[in-house]
Amino acid sequence: MKQDMIVILDLGSTENTTLARQIRDMGVYSEIHPHDITATELKALENVKGIILNGGENRVVDGQPVDVRGELYTCGYPILSIDHPGAKCEKQLKAFPEEAALREFVFTDCKAQANWNMKNFIADQVELVRRQVGDKKVLLALSGGVDSSVVAALLLKAIGQQLVCVHVNHGLMRKNESESVVEVFQNQLHANLIYVDATERFLGKLAGVSDPEQKRKIIGGEFIHVFEEEARKLKGIDFLGQGTIYPDIIESGTKTAKMVKSHHNVGGLPEDLQFELVEPLKQLFKDEVRACGVELGLPASMVYRQPFPGPGLGVRCLGAITRDRLEAVRESDAILREEFARAGLDKKVWQYFTVVPDFRSVGMKNHARVFEYMVIIRAINTVDAMTASIEKVDWEVLEKITNRILAEVEHVNRVCYDMSPKPPATIEFE
Ligand code: XMP
């Protein structure tokens with residue numbers, strides 16, 4: 001590793017990630033580790049320049065104050081203790097440090113170099129991936145989301161044609177989304193990409209299913225089946241690439257930072273399909289993942305795309321999915337995105353999409369009575385998706401979108417705007 005590192009040991013703070021971010025923003029790499037790390041484990045993390053004992057409101061567990069192992073106090077690293085009364089070192093801070101105090105510790109006491117940047121990160125990861133993989137092959141489920149796309153680009157740089165990407169189109173992708181995955185990765189970056197159009201298979205399994213959780217289960221389960229079938233066809237694959245990122249592996253706000261296994265992996269693969277994982281982004285925060293994607297040359301539309309649920313448009317075509325309503329969701333979503341981009345709202349609004357409920361209302365078209373579907377527009381802002389407020393979209397923009405949807409999308413005669421914050425409403429409808 002080329003980059004100097006400050007290690008944060010979690011002694012019950014809820015602000016570990018804030019601290020790690022603050023240090024990374026100073027240009028110095030920082031990682032969070034559990035409080036009971038041994039001196040040997042610490043030394044094995046190359047280039048550690050100092051450690052921060054980060055105490056806080058959860059520092060007492062079962063009546064006992066949490067502390068680091070005694071050997072850490074004598075293993076030679078500069079130590080900064082924050083809100084940890086039991087610390088056996090000098091210079092103790094009672095509260096979260098001011099920027100200046102933190103800088104002094106990082107640059108004066110630890111003598112860390114500000115050499116954390118994406119170029120160095122990518123160079124390091126390329127080297128580590130090559131070391132891990134050797135001349136073997138890596139399989140990657142490439143959904144086209146930010147994380148899997150950036151992993152694909154990074155692995156491609158590291159191991160080229162030893163990477164095999166599989167893109168499963170479940171038929172619930174947004175307009176032109178699968179096409180753009182193929183265009184970027186196959187045609188422009190010349191990746192080894194297997195494209196599987198499983199639309200019929202997914203829609204067949206989903207026919208008549210209206211329960212949201214059941215729909216999610218079917219989509220997730222079927223995805224694993226399709227992916228597994230492709231994996232079995234390929235010979236000599238030893239590794240599975242994954243877009244695990246830092247928030248997936250840190251459980252912040254707990255008694256001590258426990259490393260938890262990634263939840264959003266292609267878990268559930270059968271026992272006899274055992275792969276070793278390659279997770280080159282596992283130390284990055286989301287905005288760093290995007291910066292990494294930009295540095296690797298991925299298009300902005302791919303790197304800065306808004307969050308999109310794994311089950312795709314399946315949870316926006318409410319109730320039992322039908323092809324006409326699915327198309328109405330896809331087409332209206334495309335119009336919404338186009339008009340939001342035109343109005344500059346795509347850079348401002350966190351998430352925006354359309355949904356189509358499974359009931360119809362009466363209307364008039366060409367002087368005749370029609371009984372058709374409704375499109376609901378939702379546009380929200382949030383920091384962490386736990387709570388959300390609605391975007392107060394300009395009436396004129398909304399009117400333009402409405403008129404276009406009514407004119408261009410089949411089977412739709414009504415457009416509504418969802419005014420509900422989260423809570424009580426969730427962001428998605430299902
Ligand atoms: P809710 O609807 O719970 O959504 O307020 C919060 C955020 O999570 C996204 N979301 C999902 N993402 N699989 C995903 O990968 C899912 O099943 C799923 N459901 C919701 C949602 O788009 C929003 O950003």
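## A residue in a loop

N47 lies in the loop between helix α2 (39–44) and strand β3, where helices (H or I, at least four residues) and strands (E, at least two) are DSSP runs numbered from the N terminus. The phi angle of N47 is near 65 degrees, a positive value in a residue other than glycine. With a relative accessible area of 30%, N47 is partly exposed; buried means under 20% relative accessible area, exposed means over 50%, and partly exposed is in between, using a 1.4 Å probe and protein chains only.

N176, found in the loop between β9 (163–169) and α6 (177–188), has a positive phi of about 65 degrees although it is not a glycine, and at 48% relative accessibility N176 counts as partly exposed.

## The model and the chain

This is a predicted model, in which local features need pLDDT of at least 70 and side-chain atom pairs count only at pLDDT 80 or more, while totals for chains, interfaces and linings use all residues. Residues are numbered from 1 along each chain as its sequence is written, and side-chain values use heavy atoms, with hydrogens and water left out.

The secondary structure of the chain comes to 13 helices and 17 strands, and the C-alpha trace spans about 85 × 50 × 40 Å along its principal axes. Of the 430 residues in the chain, 53% are buried. The chain is divided into domain 1 (5–109), domain 2 (118–303) and domain 3 (318–417), with bounds that come from an automatic or database domain assignment. The C-alpha centres of domain 2 and domain 3 lie 29 Å apart, and the contact between them takes 12 residues from domain 2 and 11 residues from domain 3, contact meaning heavy atoms within 4.5 Å.

## Sheets and strands

An open sheet of five strands has the order β2-β1-β3-β6-β7, with parallel pairing; two strands pair if DSSP finds at least two bridges between them. Strands β2 (29–34) and β7 (92–93) stand at the edges, each with a single partner strand, so one side of each is left without a neighbour in the sheet. Strand β1 (residues 5–11) is joined to β2 by six bridges, and I8 stands opposite I32 in β2.

Elsewhere in the chain, strand β11 (residues 237–241) has four of its five residues buried, so β11 is largely enclosed by the rest of the structure. Four bridges join β11 to strand β8 (residues 137–141), and the two run parallel, with K137 opposite I237. Strand β11 also pairs in the parallel sense with β12 (residues 276–278) over three bridges, where F239 stands opposite E276.

## Nonpolar cores

In soluble globular proteins, nonpolar side chains tend to be buried together. A nonpolar core is a set of buried Ala, Val, Leu, Ile, Met, Phe, Trp, Tyr and Cys residues joined through side-chain atoms within 4.5 Å. In the largest such core, which has 60 residues, F185, L281 and C292 touch the most other members. Helix α5 (residues 146–159) gives the largest share of this core, 10 residues, and the core draws at least three residues from each of domain 1 and domain 2.

Leaving aside residues up to four places away in sequence, C292 touches M118, F121, I122, V150, L281 and L284. Apart from this core lies another, of 51 residues, among them L172, V209, L336 and V415.
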